[in-house]
Amino acid sequence: MAVCLVLYCITRFASKTPKDALMPKAKVLAFINYKGGVAKTTTTYHVGCCLAQHLGKRVLLVDIDPQTNLTFLCASIEEWEKFKKTKGTINSMYRRYLEGKSLDPKYFIWKEPVGGNIKQRIQGLDLIPCDIDLLGEDLGGGDLAGPIPSFELLKRHADKYIKDRSFLRKALREVENDYDYILIDCPPNLYLMTQNALVASRWYVVTAIPDHLSTIGLSILQQKARRIGESFKHAHTLAGGDAGPVRAAELGGVIFVRVRLGGSMITNVHFSTMVQVRSSLGHGVCFEGHTTELIGYGEAAEQSLPVWMTNTKNAISAARKGEYEQITNELAKRF
Ligand SMILES: Nc1ncnc2c1ncn2[C@@H]1O[C@H](COP(=O)(O)OP(=O)(O)OP(=O)(O)O)[C@@H](O)[C@H]1O
Ligand SMILES: [Mg+2]
């Protein structure tokens, strides 16, 4: 009996070594789709708010879209201007990176911006805000900016290729032990910043409206994301580095958004597209939860609050559906 107890203690506590204590690195996820208006930002925001407010997680939202929409879902323009003036934005951090200075990402993190104006601050939810100035940077990179450069080009410019895509990875490494989740809201393209996000993330999540035009690009998107990862790894080898530890994001799932209802039923077109995409992507790739087309999401956006903290009739009715709660619970189980 005593021997059993000793053995139990050894195995039990051996699994709680200091290595495990250091384990809780953030799960880094990029929300992407090169198609615009498919609720990438609304989803990043609501999932982030829900993880922090309802599941008690420490969450960092990262806005890398020069449209700055995620930032404005978190705070008012006035608050953002104040933060930008005193601290800066992701663009200031990027400039430091290009100048070879230390990134100091903690300095650029906006602590708990959501809900401050109504004195219901969401605790544990931080933001690295964005800035329209990032637009110029995002389009930079010349021939190397596209997702898949030719072999010759990659060979000649491997170091630059790696450097251009390593900014976010480097910045997030410095804060990943402070969070459970880091969620990156990408612009509707696959330019440099999105490539940075893919290189910095463990998974990418795609939001898609279940109609023909929105879903035909899904397999292309997967292909491109894979090629971006391969090129990055390849560049490491060409630069003489060890590509072993280099890992680009894998598809973490597809979330259907803005699903149209006729009465209480999903309309035929959306329903059949969802069935077809689910079967073509394989079991478990698509989330069970989805969002439906509801005015309340737009109204909540105007108030820089998640639907469940917004007091208009439509937002309250959207909140009652608990759509993002279901999606967030699933996401927390997956990752
Ligand atoms: N379920 C929904 N029902 C109705 N409107 C929605 C829903 N989800 C998002 N929206 C609205 O759709 C618009 C586009 O959403 P959002 O900005 O999140 O998309 P996006 O993919 O991030 O766009 P972009 O590609 O421009 O970054 C916004 O006005 C948003 O409020
Ligand atoms: Mg967006």
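Me: What makes β5 and β6 a pair?
Reply: Two strands pair if DSSP finds at least two bridges between them, and β5 and strand β6 (residues 250-256) have 6 bridges, in the parallel sense. As one example, Trp-203 stands opposite Glu-250 in β6. Strands here are DSSP runs of E with at least two residues, helices are runs of H or I with at least four residues, and both are numbered from the N terminus. By the way, this is a predicted model, where local features need pLDDT of at least 70, side-chain atom pairs count only at pLDDT 80 or more, and totals for chains, interfaces and linings use all residues. Residues are numbered from 1 along each chain as its sequence is written, while chains are lettered from A and ligands numbered from 1 in the order in which they are written.

Me: How do you know that β1 pairs with β5?
Reply: Same test: 4 bridges join strand β1 (residues 27-32) to β5, and the two run parallel. Ala-30 stands opposite Tyr-204 in β5.

Me: Why is strand β5 called mostly covered?
Reply: A residue is buried if 20 or more other C-beta atoms lie within 10 Å of its own, exposed if 12 or fewer, and partly exposed in between, with C-beta atoms placed from the backbone. In β5 (residues 203-208), 5 of the 6 residues are buried, hence the label.

Me: Which strands does β4 pair with?
Reply: β1 is joined to β4 by 5 bridges, running parallel, and β2 and β4 also pair in the parallel sense, over 5 bridges. Tyr-181 in β4 has Lys-27 opposite it, and Val-59 stands opposite Tyr-181 too.

Me: How do the side chains of β4 point, and are they buried or exposed?
Reply: Tyr-181, Leu-183 and Asp-185 point one way, Ile-182 and Ile-184 the other way, and all are buried.

Me: What makes a group of residues a nonpolar core?
Reply: It's a set of buried Ala, Val, Leu, Ile, Met, Phe, Trp, Tyr and Cys residues joined through C-beta atoms within 7 Å. The largest one here has 78 residues, and Ala-30, Ile-182, Leu-183, Ile-184 and Ala-197 touch the most other members. A second, separate core of 9 residues includes Leu-294, Ala-300, Leu-305 and Val-307.

Me: Which residues is Ala-197 in contact with?
Reply: Contact asks for C-beta atoms, placed from the backbone, within 7 Å. Leaving aside neighbours within four places in sequence, Ala-197 is in contact with Ala-30, Ile-32, Ile-64, Leu-168, Ile-184 and Cys-186.

Me: Why are the buried residues of α16 said to be on the same side?
Reply: The buried ones are Gly-296, Tyr-297 and Ala-300. The buried residues of α16 pack against α3 and α17 (313-321).

Me: Why is Gly-88 called partly exposed?
Reply: Gly-88 has 17 C-beta neighbours inside 10 Å, so it falls in the partly exposed class. Gly-88 is in the loop between α5 (77-86) and α6 (90-98). As for α5, the helix is hardly covered, with 1 buried residue among its 10 residues.

Me: Which residues come nearest to ligand 1?
Reply: Near means that a residue's C-beta atom, placed from the backbone, lies within 6 Å. Of the 19 residues around ligand 1, Gly-36, Lys-40, Thr-41, Thr-42 and Pro-188 come nearest. The elements giving two or more residues to this shell are α3 (40-53) and α16 (295-302).

Methods. Contact = placed C-beta atoms within 7 Å.
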